[in-house]
Amino acid sequence: NAQTVEFEASWEPDLFGRLRRSVEAARADLQATIEDRRDVALTLLGEVASDYFQLRSYQQQLIIADANLKAQVRNASLTREKKRLGTGTDLDIAQADAQVATTRADIAAIETLRQQAVYSLSLLLALPPTALDAELATVGPIPTPPQILAVGVPSELLRRRPDIRRAERTLASATAQIGVATSDLFPRFFLA
């Protein structure tokens, strides 16, 4: 049994630049996709930083709220003592107790926000929700930004933005596609 294998090839000379412009458009599309990836990575880093700053801010708010609660509990105790001595009123006691209750509710809300920030960081880092609990339980300072930001010339800052580079590459692809469409107006030749 003899099997026959046939092989056929053809070649299209690029007389009017259709193939060259198609390759140029594909290369620009690839570069735009790379810039999309960079844009996503930059956005992810920004979200991680924002959530981290929020977490540290909530931790500081909790410290302040705890200190306020202790002072308010002491104030409520003093108000009760004033009432016992005859210089305070039931209204003063009610107001002091309401202030303590409000601060306790605020602490619970801030604690919920703090825990949500931890969960959000875990999610952004592709970790289970409770993976960072132990590491971020310790109160840390709110990070301070650098004193001087080296931005450079405004035009250079714009050139570093992935969304602008992506738009530039998309424009280059569209321009190359115009060249492909223009070359489609001319006849195509194939050599076998």
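Here is a short tour of a predicted model, stop by stop.

Stop 1: Start by selecting residues 18-85, which make up helix H1. H1 runs for 68 residues and spans 98 Å from first C-alpha to last, close to the 100 Å expected at 1.5 Å a residue. Step just past H1 to Gly86, where phi is positive, at about 95°.

**Stop 2: the aromatic pair.** Now pick Phe16 and Phe186. The structure has one aromatic pair, and with ring centres 4.6 Å apart and planes at 15°, Phe16 and Phe186 are stacked. Phe16 sits in the segment before H1 and Phe186 in the segment after helix H5 (162-183), so the pair ties together parts 170 residues apart in sequence. Phe16 is partly exposed at 40% relative accessibility, and Phe186 is partly exposed at 40% too.

Stop 3: Show the side chains of Arg18 and Asp184, which meet in a salt bridge at 2.9 Å, N to O. Arg18 belongs to H1 and Asp184 to the segment after H5, so this contact joins parts 166 residues apart in sequence. Arg18 is buried at 19%, while Asp184 is partly exposed at 43%.

**Stop 4: along H1.** The whole structure has 11 salt bridges. One of them links Arg21 to Glu24, with the closest N and O atoms 3.3 Å apart; these two are three residues apart in H1, about one helical turn. Next, select Glu35 and Arg38, whose closest N and O atoms are 2.7 Å apart in another salt bridge. Glu35 is buried at 7%, and Arg38 is partly exposed at 40%.

How values were computed
Residues are numbered from 1 along each chain as its sequence is written. This is a predicted model: local features need pLDDT of at least 70, side-chain atom pairs count only at pLDDT 80 or more; totals for chains, interfaces and linings use all residues. Side-chain values use heavy atoms; hydrogens and water are left out. Rings of Phe, Tyr and Trp (its six-membered ring) pair if their centres lie within 6.5 Å; planes under 30 degrees apart count as stacked, over 60 as edge-to-face and the rest as tilted. Helices (H or I, at least four residues) and strands (E, at least two) are DSSP runs, numbered from the N terminus. Buried means under 20% relative accessible area, exposed over 50%, partly exposed in between (1.4 Å probe, protein chains only). The expected span of a helix is 1.5 Å times one less than its number of residues. A salt bridge is a side-chain nitrogen of Lys or Arg within 4 Å of a carboxyl oxygen of Asp or Glu.
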